[in-house]
Amino acid sequence: MAERADGRDLVPISGLLSYRLSRTSSAMSRSAALRYRREFDVSLGEWRAIALIAADPTLTLNRLARRAGLDKAQMSRVVSRLTERGLVDRTAGSGRTSQLALTSEGTRVYRGLIAAANERDAEFLAALTPEETATLHGALEKLADLALAVEERERAQPDC
């Protein structure tokens with residue numbers, strides 16, 4: 001096995017923190033997607049859009065896309081489907097922007113979705129002790145902050 005600069009063995013991909021977090025997140029997302037499709041007939045992207053709009057009624061398409069981690073074109077397709085289903089309203093904003101809001105039906109669906117999401121969250125957290133939960137929350141916050149800093153550092157690097 002190869003060595004790291006500090007002389008220790010390199011960790012295989014299965015042991016890398018980013019890989020393990022990604023695999024866990026993907027498994028959690030896949031099971032959520034199955035449930036939300038079955039119970040509410042929405043995709044995971046649609047669920048995220050609905051939840052983000054519910055949390056911030058001032059969202060535009062661009063801001064929604066950034067918060068959901070999708071590009072504008074992907075989010076536009078998601079919002080179009082939600083609009084066609086009568087779950088989201090688009091109203092003209094300043095310039096070429098449009099304001100997004102949940103319809104009364106969208107709010108009803110959101111309430112069911114957020115209840116299911118909270119139920120799932122409680123199920124996952126029940127596997128941990130209160131101390132482990134507190135440690136996990138703190139660790140995730142630190143890792144998220146560091147990940148953003150590393151991303152900024154990487155963006156500042158010149159392309160080869």
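**Loop, strand and crossed helices**

D41 is partly exposed, with a relative accessible area of 44% (buried is under 20%, exposed over 50%, partly exposed in between, for a 1.4 Å probe and protein chains only). The model is predicted: local features need pLDDT of at least 70 and side-chain atom pairs pLDDT 80 or more, while totals for chains, interfaces and linings use all residues. Residues are numbered from 1 along each chain as its sequence is written, and side-chain values use heavy atoms, without hydrogens or water.

D41 sits in the loop between helix 1 and helix 2 (helices are DSSP runs of H or I of at least four residues, strands runs of E of at least two, numbered from the N terminus). The backbone at D41 has a positive phi of about 55 degrees, although D41 is not a glycine.

S43 belongs to the loop between helix 1 and helix 2 as well. Is S43 buried or exposed? S43 has a relative accessible area of 18%, so S43 counts as buried. When neighbours within four places in sequence are left aside, S43 is in contact with R37 and R81 (heavy atoms within 4.5 Å).

Helix 2 and helix 4 pack at an angle of about 80 degrees, and their axes are 10 Å apart (axes are lines fitted to C-alpha atoms, for helices over the stretch in contact, and angles run from 0 to 180 degrees between N-to-C directions). The two helices, helix 2 and helix 4, are therefore roughly perpendicular to each other (65 to 115 degrees; under 35 is roughly parallel, over 145 roughly antiparallel, the rest oblique). By class, the contact of helix 2 with helix 4 has 5 nonpolar, 1 polar and 2 charged residues (Ala, Val, Leu, Ile, Met, Phe, Trp, Tyr, Cys and Pro are nonpolar, Asp, Glu, Lys and Arg charged, the others, Gly among them, polar).

Helix 4 (residues 72-84) also packs on helix 3 (residues 61-68), at an angle of about 105 degrees and with the axes 9 Å apart. Helix 3 and helix 4 are therefore roughly perpendicular as well. On the helix 3 side, L61, N62, L64, A65 and A68 take part, and they meet K72, M75, S76 and V79 of helix 4. This contact of helix 3 with helix 4 has 6 nonpolar, 2 polar and 1 charged residues.

L102 lies in strand 2, which spans residues 98-102. The C-alpha atoms of L102 and L61 are separated by 13 Å, and the two residues are 41 residues apart along the chain. L102 is buried, with a relative accessible area of 18%. Which residues are in contact with L102, leaving aside its neighbours within four places in sequence? They are I50, I53, A54, L87, V88, T107 and Y110.

The last stop is the segment after helix 6, where D159 lies. At 77% relative accessibility, D159 counts as exposed. D159 and R8 are 151 residues apart along the chain, and their C-alpha atoms are separated by 30 Å.
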